[in-house]
Amino acid sequence: MAERFSAERALRPLKPFQRTTVEYVSRRLLSDPDAVRHFLVADEVGLGKTMIARGVIARTIEALQDTVPRIDIVYICSNGAIAKQNVARLNVMGGEQSRVLPTRLTMLALELARAGGIKEKGVNFFSLTPGTSLDLKQGGGMKQERALILRVIWDLLGDRRAVSKMLQGYAGKDGWKSTRRWVDAQPIEPQIAQRFQQAISRRPDLLAELEACAQCYKGLRHNDRDLNRRRETIVGELRAILARESAEALEPDLIVLDEFQRFT
């Protein structure tokens, strides 16, 4: 970081009990010999948990700035409107360094590329609203997700046409083509693309299952319920891997979960 960051400016507006909480949480997370990886702050509504989170973010940046070139802070909120309201309060660096990203972690590769990518030096502050991002399980997801998956694993595939037909899912032929054209024309965050491709390369079993299932969609059995369930299981696993690698690419040093009780 070009200039040393001081947490004092962010801490100054805090009430004494809020600052005491910040100092204790920061110590338990960052400096105690028996430091913890998780800490829950539970308090009544209106007592300033967002301001406490702001203070912990400031202390984290202050503590890490001399040890790592890049600090990633991730704020996850259950509601997009609340996220937009709180982002400015939590962004202790000021300026345009905070970004409210899409609901689905699976689409980070495109969203981050449009926002200029992940900065390799300084502070990245990301705000996410999880929605379906943390509850992928089985299912085909959005056609944009499937088109992105196809684009990234394209070079790993044998019968690309068959896999494309499989990933089309319930999308119409013209809609699938236009979605693929749109996704293929977008810039993509290289770190996420590389991580996802490498993760899939380490799963030859999943690739083989994908290719085998795709062959069935070349015939007339595309309305078979068992086949469609098999497809959705495979696509669900691909989406889960893409979400995981997208999140890992952020290399978060601190993750703040707001309204924790709303997360299953």
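Modeller: The cover over the buried residues of α10 includes α6 (143-153), α7 (160-168), α9 and α11. Buried means under 20% relative accessible area, exposed over 50%, and partly exposed in between, with a 1.4 Å probe and protein chains only. Cover here rests on contact, meaning heavy atoms within 4.5 Å. Helices (H or I, at least four residues) and strands (E, at least two) are DSSP runs, numbered from the N terminus.

This is a predicted model: local features need pLDDT of at least 70, side-chain atom pairs count only at pLDDT 80 or more, and totals for chains, interfaces and linings use all residues. Residues are numbered from 1 along each chain as its sequence is written, and side-chain values use heavy atoms, with hydrogens and water left out.

Now α10 itself. It runs over residues 204-216, 13 residues in total. Its first and last C-alpha atoms are 19 Å apart, close to the 18 Å expected at 1.5 Å a residue. That expected span is 1.5 Å times one less than the number of residues. The buried residues of α10 are L206, L207, L210, E211, C213, A214 and C216.

E189 sits between α8 (173-185) and α9 (190-201). E189 is buried, at 4% relative accessible area. It touches A109, L112, A113, G117 and I118, again leaving out residues up to four places away in sequence.

α11 also carries a charged pair. The side chains of D226 and R229 form a salt bridge at 2.2 Å, N to O. A salt bridge is a side-chain nitrogen of Lys or Arg within 4 Å of a carboxyl oxygen of Asp or Glu. D226 and R229 are separated by about one helical turn because they are 3 residues apart in α11. Elsewhere, salt bridges with shared partners link E8, R19, E23, R59 and E62 in one network. The structure holds 19 salt bridges. One of them pairs D72 with R70 at 2.7 Å, N to O, and both residues are buried.

E251 has a positive phi of about 50 degrees although it is not a glycine. It is partly exposed, at 46% relative accessible area.

L257 belongs to strand β4 (residues 254-257). It is partly exposed too, at 37% relative accessible area.

Last, the chain as a whole. It has 11 helices and 4 strands. Of its 264 residues, 45% count as buried. Among contacts between residues at least 6 apart in sequence, 79% join residues at least 24 apart.
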